[in-house]
Amino acid sequence: MSDVFIYPSAALIAGVDEVGRGPLVGAVVTAAVILDPTRPIVGLADSKKLSEKRRQALSLEIKQKALAWSLGRAEPEEIDRLNILHATMLAMQRAVAGLAVTPEWVLVDGNRCPALPMPSLAVVKGDSRVAEISAASILAKVARDSEMVELDRRFPEYGFAQHKGYPTAFHLEKLALLGATIYHRRSFAPVKRALGLA
């Protein structure tokens with residue numbers, strides 16, 4: 001597959017991405033971004049390939065220069081009720097609905113699009129191929145990481161600031177030892193086991 005993405009012929013294109021499908025704790029966070037072609041942003045890339053410092057700097061620049069941006073989310077109880085895929089689609093719909101400017105097209109990272117009122121296209125590896133999706137991935141990651149740092153202040157023994165809620169050996173050990181917080185996703189197997197539900 002070529003890494004060159006051919007954009008739809010539309011002026012207002014929103015990129016959408018999510019962060020947080022894999023963690024055991026916290027919301028899944030999404031972002032939608034419409035970039036301003038007259039205010040280019042240098043260095044947009046998949047958020048996972050950028051340093052934390054670079055992501056934070058780019059996040060501020062995106063918010064200053066984009067035509068519109070919005071965050072969406074689905075909380076742990078929604079994830080448990082709907083499942084992670086459907087909760088992610090809901091969070092993406094919320095991000096697009098929150099845009100102050102209505103996009104003509106929406107490009108979504110991955111292989112599936114949520115139901116939207118405008119045309120959309122799923123782009124595999126879109127976070128490294130489409131600038132709008134790269135921008136969305138950066139905003140979503142910075143937002144979710146900051147939530148994990150805040151959660152770490154409330155529950156320092158779990159180490160959320162380090163592993164960001166992902167099922168690392170340390171996180172699983174603490175989960176088994178201390179049980180789950182109210183922010184853990186109860187439908188995820190390691191959390192179920194910690195609660196004695198599996």
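In this predicted model, the largest nonpolar core holds 18 residues, and V33, I62 and I138 touch the most other members of it. The elements that contribute two or more residues to this core are strand 2 (28-34), helix 1 (52-65) and helix 5 (131-154). Helix 5 gives the most, with seven residues. A second, separate core of 14 residues also exists, and A14, A32, I34 and L99 are among its members.

The surroundings of V33 can be described in detail. Leaving aside neighbours within four places in sequence, V33 is in contact with I13, A14, G15, I62, A66, A68, W69, E132, A135, A136 and L139.

**The chain as a whole**

The chain contains eight helices and five strands. From the N terminus on, its elements follow the order β-β-α-β-α-α-β-β-α-α-α-α-α. The radius of gyration is 17 Å, close to the 16 Å that the globule rule gives for 198 residues, so the chain is as compact as a globular protein of that length. Along the principal axes, the C-alpha atoms fill a box of roughly 55 × 35 × 35 Å.

Of the 198 residues in the chain, 49% are buried. Among contacts with a separation of 6 or more, 63% are between residues 24 or more positions apart. The chain exposes about 9,600 Å², of which carbon and sulfur atoms supply 56%.

**The annotated binding site**

An unreviewed UniProt entry carries the annotation "binding site" for D17, E18 and D109. These residues span 93 residues in sequence, yet no two of their C-alpha atoms are more than 7.9 Å apart, so they gather at one spot.

D17 is found in strand 1 (residues 13-19), and E18 is likewise found in strand 1. The table gives the relative accessible area of these two residues.

| Residue | Relative accessible area | State |
|---|---|---|
| D17 | 3% | buried |
| E18 | 18% | buried |

Because buried means under 20% relative accessible area, the 18% of E18 places this residue in the buried class.

E18 is in contact with V28, V29, T30, T88 and M92.

Definitions and conventions
Residues numbered from 1 in each chain as written. Predicted model: local features only at pLDDT ≥ 70, side-chain atom pairs only at ≥ 80, totals over all residues. Heavy atoms only, no water. UniProt positions renumbered as here; feature names shortened; annotations may be inferred. Helix = DSSP H or I, 4+ residues; strand = E, 2+ residues; numbered from the N terminus. Buried < 20%, exposed > 50% of the residue type's maximum accessible area, 1.4 Å probe, protein only. Contact = heavy atoms within 4.5 Å. Core = buried A, V, L, I, M, F, W, Y, C linked by side-chain atoms within 4.5 Å. Rg over C-alpha atoms; globule rule 2.2 N^0.38 Å. Areas by Shrake-Rupley, 256 points an atom, 1.4 Å probe, with all protein chains shown as cover.
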